[in-house]
Amino acid sequence: MTEETILFHFYAKRALSDIELLNLAANGMKEDKSKVKCLFSGPAGNDLQLSVFSNNDNKVLNIRNYESQKLYMFDILVMRSRVKVDLVYIRHVEEGIKKFLTSIDAFDRIMLGPVRRGEALWRYFITADEFLVEFHLDRLVVERQTKYQNVKIFWSEAHGHVLFLDEDVMLAEKDQEPYTRVLLGLETGKPARNCYADKEILILGGGDGGVICELLKQQPRMVTMVEIDSEVVQLCAKYMRGACEDALDTLEGPNKKIIIGDCLDHLHECIQSGKKYDYIINDLTEFMINKEERGWNYDFATDNSQMMEISLKALKPDGCFILRGGSLHFKKFWGRFEEDCRKLGLQFRVYDNFVPGFYEIYRFYEVRFA
């Protein structure tokens with residue numbers, strides 16, 4: 001069974017009487033008021049009155065009244081055997097409540113929407129700007145707890161297969177154009193910002209295979225990808241074909257090499273050997289580097305951009321560091337990042353694009369030596 005919680009609220013022109021609350025509950029349940037019982041009504045805190053109603057079937061309705069604001073908040077709990085939201089029922093509830101409140105001259109405005117709980121799938125996540133979003137997911141395809149993280153891949157009619165790591169969305173198959181190609185500067189219908197032909201390229205992370213897939217189409221000299229979690233690569237090779245195509249089917253090819261390991265160790269080896277790349281693409285999130293734990297003696301000039309600093313040591317003087325960004329709403333983070341670029345004497349360009357699988361505008365950076 002699925003519990004569909006219909007959440008809504010309205011502001012009344014005046015306080016409602018007990019009998020009006022009962023009538024309102026009956027309208028909310030689409031039930032004759034003779035079948036609706038008040039299980040509790042009374043104070044529940046400062047400025048708060050709580051009333052609980054039931055129809056002795058499969059519906060419970062809670063009404064919370066914040067008296068000083070004349071704000072009424074409702075939860076209608078309906079148990080259903082099916083998953084699909086009953087939009088017809090919700091619209092009828094909304095119209096019934098509006099009609100009743102208008103008839104007693106108490107209606108101001110109403111807002112209404114459903115949240116579903118009790119299903120095998122939890123479809124909700126919080127965006128960076130703190131909006132609760134219901135993700136269009138139809139079924140869980142595979143879940144695995146690896147040494148490093150929890151991996152889930154869902155199927156969505158809207159987004160294709162969708163990869164989640166530790167409950168955070170990483171990539172949807174249909175995000176290749178709005179995410180991966182924008183990250184690389186290869187947007188369809190626009191002049192390419194970057195030329196990867198005959199270039200040496202390093203991808204940090206990228207286990208979903210979207211970035212390496214697009215790069216291999218550009219005839220690079222060599223693409224090296226370093227991903228720490230082999231199981232992510234294996235699962236994406238099987239289920240995320242809309243993003244990676246056949247790029248993850250083998251670990252090595254004429255112009256590619258996929259290394260299962262720690263990208264920081266690979267960068268350190270490059271620095272020690274003098275190996276440098278034309279492009280380094282950070283498909284990770286920024287994190288602090290524990291120098292003492294690794295036994296390194298690098299001097300970092302920043303506290304927030306150490307991943308970029310160590311990457312720049314393996315970048316050619318005319319090379320480009322491309323950064324997987326984050327939500328446009330991470331203003332404090334991006335402010336610090338841009339200040340770090342200026343502090344290091346770097347040039348940077350910003351590219352923003354709406355990514356449907358993230359339900360947000362996402363930010364990307366290209367960084368070069370001045």
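In which strand is Asp283 found? I located Asp283 in strand S17, which spans residues 277–283; strands here are DSSP runs of E with at least two residues, and helices are runs of H or I with at least four, both numbered from the N terminus.

**Basis.** I worked on a predicted model, in which local features need pLDDT of at least 70, side-chain atom pairs count only at pLDDT 80 or more, and totals for chains, interfaces and linings use all residues. Residues are numbered from 1 along each chain as its sequence is written, and side-chain values use heavy atoms, with hydrogens and water left out.

**Domains.** I looked up the domain assignment, which gives domain 1 (2–117) and domain 2 (173–369); such bounds come from an automatic or database assignment. The C-alpha centres of domain 1 and domain 2 are 50 Å apart.

Asp283 counts as buried because its relative accessibility is 10% (buried is under 20% relative accessible area, exposed over 50%, partly exposed in between, with a 1.4 Å probe and protein chains only). Leaving aside residues up to four places away in sequence, I listed the contacts of Asp283 (heavy atoms within 4.5 Å), among them Leu183, Gly205, Asp208 and Arg324. Tyr179 also touches Asp283, and the two side chains make a polar contact at 3.1 Å (N or O atoms within 3.5 Å, one able to donate a hydrogen and the other to accept it within protein, with residues adjacent in sequence counted only if both atoms are side-chain atoms).

**Lys59.** I found Lys59 in strand S4, residues 59–66. Lys59 is buried, with a relative accessible area of 13%. The side chain of Lys59 reaches the backbone oxygen of Met29 at 2.7 Å. Beyond four places in sequence, Lys59 touches Met29, Phe53, Ser54, Leu77, Val78 and Tyr89.

**Aromatic rings.** My search of the whole structure gave 18 aromatic pairs (Phe, Tyr or Trp rings, the six-membered one for Trp, with centres within 6.5 Å; planes under 30 degrees apart are stacked, over 60 edge-to-face, the rest tilted). Tyr298 and Phe300 have ring centres 6.4 Å apart and planes at 50 degrees, so this pair is tilted. Both Tyr298 and Phe300 are buried. I also recorded one aromatic cluster formed by Phe333, Trp334, Phe337, Phe348 and Tyr365.

**Charges over rings.** The charged end of Arg193 sits over the ring of Tyr351, 3.5 Å from its centre (NZ of Lys or CZ of Arg within 6 Å of the ring centre and within 35 degrees of the ring normal). Lys275 lies over the face of Tyr277, at 5.2 Å from the ring centre.
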